[in-house]
Amino acid sequence: MTAALLLACCVAAQATAASRDAAAPVPAPTVVRDWRVIGPLDERGRRAFNPSAVVARHLLDRDAAPPATGEKLRGERNVELAWEERAADGDGRVGGSPLAAAYAALEWPRDEVVLADLDGAATLWINGTPQIGDLYGDGHGALPVRLRAGRNDLFVTGLRGAFRLAFEPVAAPLQVAPFDTTRPDLVAGEPTSVLLGIVVVNASDEALPQLDFEIGSATADGPFERRHQTDRAGVAPRSLRKLPLLVEPRPNHPVFAQPGSVSFPIQFSAGGRRAHATITLEVKARSATRRATYWSAVDGSVQEYAIVPPSDGEAEALVLTLHGAGVDALGQANSYAPKEDFWIVAPTNRRRFGFDWQDWGRRDAYDVLEVFCGAYGIDKSRLYLTGHSMGGHGTWHLAANDPATFAAIAPSAGWASFDSYGGRPAGARAALWQAADGASKTMTLLDNLVQLPTYVVHGTGDDNVPVGEAQALVAALTAAGAPPAAHFEPGAGHWWDGPASPGVDCVDWPPLFDHFRAARRPPLAERVRLSGNDPSTQASCEWARVVTLERYGEPFALDGRFDPATRTVTMTTRNVRSLQLQAPDAAPGVRFVVDGTELPEPRLPPWFDEQSEEERQAARDERSTFRDLERRDGAWREIDHETPAALAADGTPLPRAKESGSGYTLGGGPFKRAFDNEFVLVFGTQGDAAEDRELLDRARHDAMTWWYRGNGHALLLSDVRWLQLRATAGEDEWLTHVILYGNRDSNAAWGALVADDAVFDARRGQLRLRDQTFAGDALAGAVVLRSPLIGLVGLCADTGARGTRVGYALTPFISGVGYPDFTLFSAEVFTAGDGGVLAAGWFDADWRVQEE
């Protein structure tokens, strides 16, 4: 950790430990300077499996020989390259020509846990065990790893340019990390509850089963209430958690009366170890641009956004602005001058690079919108969307999938999709992977975009996002009958300014805000149109919601009209199996006609026979305003929720439907949707020593990757610990999604969550999909299922220790990468890409394998 980074942080952290934890530290930092490197061998890009000749030769098996100088490899590019020597420069940085990977042998004096600081690359492998690096150079600091006495084999993969690797001693096993704190600013005169995200590091080989902490002022006259909290989940070995914490200010304390700063301590303890930190918050004027935080139901984390208050103090309209790659929320907000008639709110995309405003980045934008509108009484008919660069793409992406939330949009320097900007590599199953990421296909969703008043801004000299991206979308919308307004700034580059606005012109463009002022959503939508490729991304539009599809992985559509004079809803559908309709004006007595069939009035259950006619009529009126429908055998009918389970024609219960959405009561695929609803990563401990080690390594790597890419809080538990917590939980606790690592033999939680006769199963040595079995010791799967015990369960399945390592081929936390409901694959994905896929596809609405 550099002195500059420590000074830049507002958290001062110290830690102490029992003498049994003290180890004689080695001199620090130890910079690795002598490397063997090899140039690019395989194509890279946003696809389900990126081949890697280096992983296949040197990392798939832990006991594989390290590369020798001059040893040659041939990868997907069909070019043979050799490992060559390359030394670091004076700062320890390894640069030069582009690299696929680097290798070094490091001699170490003892077995111990140390801190590794890898800058400029995604992954560090130490004797076969991965730890994440600081790919984007964010200064997130060193992370715990284990070195052994003697030679350690180090590989660096996922390089972004020059990289640097150094090792530091562990000052104490329990640490409150002095980096990456998520915190809000306080408003002078209006102190409210403070939500924080604090990184706690376990730099030891032992799990910390429970954390206790005291938070708030140490004295009765301090500015914050003193609170004690206990976290029963703890922290896994050589890992971290970014804990969500709540601190309550004493509202009448004088420190909150005017702008300034205020501090309070946090003390942690676990297993006899202690650590403490001091947190400093800024107190800002109500008119100042500031940070705020909210709690995310995706993973129980605390996320940040920024606010530009209206110049007059109050407004009912809101502009949601999405930042570009590398920009944080406050930086985006500071690009705007306050407006008298708008709140301007900038979410984070979870990180400054995040998810390109797709996947969980898109969710962050909508969560911020919901939180802010609820807190500030925003008029929902006056919501507007804009963004720059990556945020311009986010503007197109959100609007292309959702024609009903925003009154108008204005992308600046935005690109349409991953296929037009940069491209996605081809492969035998490229269509399947891209169907699983169907929300990315902006040009296929023009039926949604044409419904929104659009203003496009772009510089004609943009050398980052070519102006052709904007021109292509303007042309497509014009051809579709909805020509957008546009301003192309002559000669301007990617980020440009001028005298037009007190803010930065390329985002704070005055005609853009005039465009917003002229648009408002109608109070009653007499027509709804929704086209989509992925109902898990967007399934609702005004008074209609798609619940399940007839065929997943294929486009769907709704087109409905409401005639107020006859009080009739007429709806046509495509590829929709079940849907929900509401009376557009929320009043009873609406006729519903779906695909040419008029629906009968909803029936009342038998027990209403004993009610009065007035009560029966009230029940009929209530039910007539909401229709829950499904199509079976070509005919639409009301779903009967009054029986324990809907019955098939033969009287047997139908499987629970694969509904769109997320959470405990809703949710289907595809696979990435399992990472929602406060998901927990559960690794197996019931295998042999090699299996158990690989499962912990793999799950920990996913947890750390989620933290780094998504500012996330991925709770990491062993199967035994998860079962213990479930057994002692209350009725409404631990109803989260679960990601299981292993198989039925190696993970004790598997049997609790996956039925013996489930459509998919995994055991040591084999994977089974329906009645088809795949045998081998190096097979893996990524599968999402509905669990009868919880909501969704994501299966990072394997056939043994080698199969677990094959799972490193997955990249679920990369935007633009899609996986369908099930993907089974072998180690050949490292050399043959899609050629190593054994089976992949979709489950239907009843969780059966969908036939191709």
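Ala-116 stands opposite Leu-143 in strand S11. The model in which this pair occurs is a predicted one. The two residues belong to a longer pairing. Strand S9, residues 112-126, and S11 pair in the antiparallel sense over five bridges. S11 spans residues 143-147. Four of its five residues are buried, so the strand is largely enclosed by the rest of the structure.

Three strands form an open sheet in the order S42-S43-S44, with antiparallel pairing. Its edge strands are S42 (760-763) and S44 (772-775), and each pairs on one side only. The twist averages 15 degrees from one strand to the next. S42 and S43, the latter covering residues 766-769, are joined over four bridges in the antiparallel sense. Within this sheet, Arg-763 stands opposite Gln-766 of S43. In general, strands of a sheet pair through backbone hydrogen bonds, either parallel or antiparallel.

Among the helices, H5 covers residues 390-401 and includes Thr-395. Thr-395 has 0% relative accessibility and therefore counts as buried. Its contacts beyond neighbours within four places in sequence are Leu-322, Leu-385, Thr-386, Gly-387, Ile-409, Ala-410 and Pro-411.

Cysteines were examined next. A search of the whole structure finds zero disulfides. Cys-373 is in no disulfide, and the nearest cysteine sulfur, that of Cys-541, is 18 Å away. The cut-off for a disulfide is a pair of sulfur atoms within 2.5 Å. Cys-373 counts as buried because its relative accessibility is 6%. Cys-506 is buried as well, at 0% relative accessibility.

Two elements give two or more residues to the lining: strand S21 (290-295) and helix H4 (359-376). H4 gives the most, with eleven residues.

Most residues other than glycine have a negative phi, and most peptide bonds are trans. The peptide bond from Gly-669 to Pro-670 is cis, with omega near 0 degrees. Pro-670 sits in the loop between strand S38 (635-638) and strand S39 (680-683).

Positive phi values occur at two arginines. For Arg-238, phi is near 45 degrees, a positive value in a residue other than glycine. This arginine is found in the loop between strand S17 (227-231) and strand S18 (239-247). Arg-238 has a relative accessible area of 14% and is therefore buried. For Arg-350, phi is near 75 degrees, again positive in a residue other than glycine. Arg-350 is placed in the loop between strand S24 (342-346) and H4. With a relative accessible area of 3%, Arg-350 is buried.

How values were computed: Residues are numbered from 1 along each chain as its sequence is written. This is a predicted model: local features need pLDDT of at least 70, side-chain atom pairs count only at pLDDT 80 or more; totals for chains, interfaces and linings use all residues. Side-chain values use heavy atoms; hydrogens and water are left out. Two strands pair if DSSP finds at least two bridges between them. Axes are lines fitted to C-alpha atoms, for helices over the stretch in contact, and angles run from 0 to 180 degrees between N-to-C directions. Buried means under 20% relative accessible area, exposed over 50%, partly exposed in between (1.4 Å probe, protein chains only). Contact means heavy atoms within 4.5 Å.
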